[in-house]
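Dear colleague,

Please find the structure below, together with its sequence.

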Amino acid sequence: MVTAINHREPDRIPFDLAGTTVTGISKKAFINAMKFRGLSADYEKEEIDPIQQIVTPVEETLRKLQSDVRRTGARRIPAFEERVRRTGSVNEITDAWNCLWKMDELKDLYYNQYTFPLERYSTLEEGLKEYMPPVISSEKETIEHDLARQFRTITESAVVADRNCAGLTEISLRIRGYENWFLDTVTDPVSVEKLFDIIIDYKRSYWDLLINWLIENNLTERVNVVAECDDLGTQTSTLLEPGFLRSAVIPRYAGLWSHIKRRLPGVKIFMHTCGSVRVLLPDLIEAGMDIYNPVQFTAADMDLKSLKRDFGKDLVFWGGGVNTQSTLKTGSPQQVRDEVKQIIDIMAPGGGFVFSTVHNIQEDVPPENFWAMWETLMQYGKC
């Protein structure tokens, strides 16, 4: 892993399964895949992201799967098991941003958002006057407990310190509501940026908490990568006008990343953003991004060959190993094998490639396709 993320060709392509909350596997897909081969389907009781139904396989299974990465960091909802409310088949939880999520276990695949805290206000400016954002210190004990538990099983694997919440655009949409927030970016960009500052301050507080704990426990040298995320693209374009993202979003990440790098010298910055974002990659590189994920090559202007050619010297591509939207879900095992080989041929030469699927492996992925992907990587991914 260290060889690959430093743009040198390793003896084999490193593999990430469950190293972050965007390179994981859903509960049902994991159970189905393991049972298909008669393997243990045990996963950590403290679920990493119950909203997405993402789980962390137990250490023994991660070793059998030869995953080269281990995640450390806060769970999406700390102490979820104690906070979730159950009524019959319906589970509900309120997150740190005061958004209500519900899941009916009889019909839902994931939790769905039911409330948007500032949706009822006529303007975002008005809502921000009354909004009480989360304070990371209230979760300090729980987060530190999770960090200690995670490091008890980490040995020689690469370590990713993962974010604790979604990004600036994602959190804003959840707080304000989708239609309102997109209008706000046009009618009240000043308040939009005030909300961005609230979110980035919360993120900075989280990273300081995590880094302080690493320092206190002499573990700073064990962290190879720091992972953040946002969604700046859609299937066909950037989420908003590139100019707005360059002026309002990317500089805030630049400040956060430089702060993290000052405190964790040598760490690589991993940034997840779905969609068609090629036009933003130079700006993100300048802001301090070292690793790009998920490499959604089915989006517009995201051809893998040109991405590798134009940005391969500056970026590590972490993901893009197989298309989760179609091939992994509905293709035949042979189609999966063929696509994995084709992508390895493009992305592996010269290093700078970590194999992971394009975003999380969803619950409807057939076990045959999971194993076709895995076996092809194990056999064909030797450099």
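**A strand and its partners, and a pair of helices**

Please note that the model is a predicted one. S9 covers residues 225–229, and three bridges pair it with S8 in the parallel sense.

S8 has another partner, strand S3, which covers residues 69–72; these two strands also run parallel and are joined by four bridges. Here Arg70 is the residue that stands opposite Val159 in S8.

Are the residues of S8 buried or exposed? Ala158, Val160 and Asp162 point one way from the strand, Val159 and Ala161 point the other way, and all are buried. Because five of the five residues of S8 (residues 158–162) are buried, the strand is largely enclosed by the rest of the structure. In this context, buried means under 20% relative accessible area.

The second topic is the packing of two helices. Two packed helices are described by the angle between their axes and the distance between the axes. For helix H14 (residues 333–347) and helix H15 (residues 367–380), the angle is about 35 degrees and the axes are 8 Å apart. The crossing of H14 past H15 is right-handed.

Which residues make this contact? From H14 they are Pro333, Val336, Arg337, Val340, Lys341, Ile344 and Asp345, and from H15 they are Glu368, Asn369, Ala372, Met373, Thr376, Leu377 and Tyr380. Sorted by class, the contact of H14 with H15 has eight nonpolar, four charged and two polar residues.

Key:
Residues numbered from 1 in each chain as written. Predicted model: local features only at pLDDT ≥ 70, side-chain atom pairs only at ≥ 80, totals over all residues. Heavy atoms only, no water. Buried < 20%, exposed > 50% of the residue type's maximum accessible area, 1.4 Å probe, protein only. Pairing = 2+ DSSP bridges. Axes fitted to C-alpha atoms, helices over the stretch in contact; angles between N-to-C directions. Left-handed = near helix turned anticlockwise from the far one by under 90°. Contact = heavy atoms within 4.5 Å. Nonpolar A, V, L, I, M, F, W, Y, C, P; charged D, E, K, R; others polar.
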